[in-house]
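Look at the model first, then read on.

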Amino acid sequence: MELAGQAMEFHAQALELMEMPLGTVMGASSWVEIGFCALATGDLERASDLFNKGLTISTAMKYLARPQLLVGSAFVELAKGRSDEAARLVNEARQFVEDRAMQHLYAFVAFAGAQVSAAQGHADEALDSFTRAEEQALLMQMRPLVWQARAGAAKVLSEAGRTSHAEVKRAEARDMVDEIAALFKDEKLRGMFIENATGKLS
């Protein structure tokens, strides 16, 4: 929470600067970043407001950031128990990135789709999407998304009673967590990352 507090302080400063003339030129990308931080800390209304700004206010990054803004909005809807609306938003994001061949976002959108399918109780669809997210993330060397996709698949497999398969996937997720952890130079940050990631794998 210490780092989250620091991030929120910097984000407050950024939002204040964005109120100045021309401050919103790159606004959409900033609203993505700050919106996901708000989402991570459980501030759904703030996150929703920021994502909505990115989707509705005309800025230089509006269209480049649109898929992330749609997915962020979908996660807000999921947190509120509105899975149908979340599915609509993710489908819109998927169509957007596929129409424009935004390959760097394929894994992210697939991961979001998997989360929606899991929330709706569609285990097979969720597993297919988690697998697609993992494969695409590996191609792009997006390690954080790889371990999260593996962890998500492990959870779905466990809930479906496929315990042995779930443990295999969980072990694969731990391997990626260890690979990421090895890249940290700061021992304190490494420990915080491992603790957070391990908690999500239990």
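## Terms and model

Angles under 35 degrees count as roughly parallel, over 145 as roughly antiparallel, 65 to 115 as roughly perpendicular and the rest as oblique. Helices are DSSP runs of H or I with at least four residues, numbered from the N terminus.

The model is predicted: local features need pLDDT of at least 70, side-chain atom pairs count only at pLDDT 80 or more, and totals for chains, interfaces and linings use all residues. Residues are numbered from 1 along each chain as its sequence is written, and side-chain values use heavy atoms, with hydrogens and water left out.

## How α6 meets α7

Helix α6 covers residues 106–119 and helix α7 residues 123–139. They pack at an angle of about 160°, with axes 8 Å apart. The two are therefore roughly antiparallel. Axes are lines fitted to C-alpha atoms over the stretch in contact, and angles run from 0 to 180 degrees between N-to-C directions.

Contact means heavy atoms within 4.5 Å. On the α6 side, the contact residues include Tyr106, Phe111 and Gln115. Those of α7 include Glu125, Phe130 and Arg132. By class, this contact has ten nonpolar, five polar and two charged residues. Ala, Val, Leu, Ile, Met, Phe, Trp, Tyr, Cys and Pro count as nonpolar, Asp, Glu, Lys and Arg as charged, and the others, Gly among them, as polar.

## Burial of α6

Among the buried residues are Phe108, Val109 and Val116. The buried residues of α6 pack against α2, α4, α5, α7 and α8.

Just after α6, glycine 121 takes a positive phi of about 80°.

How values were computed:
Buried means under 20% relative accessible area, exposed over 50%, partly exposed in between (1.4 Å probe, protein chains only).
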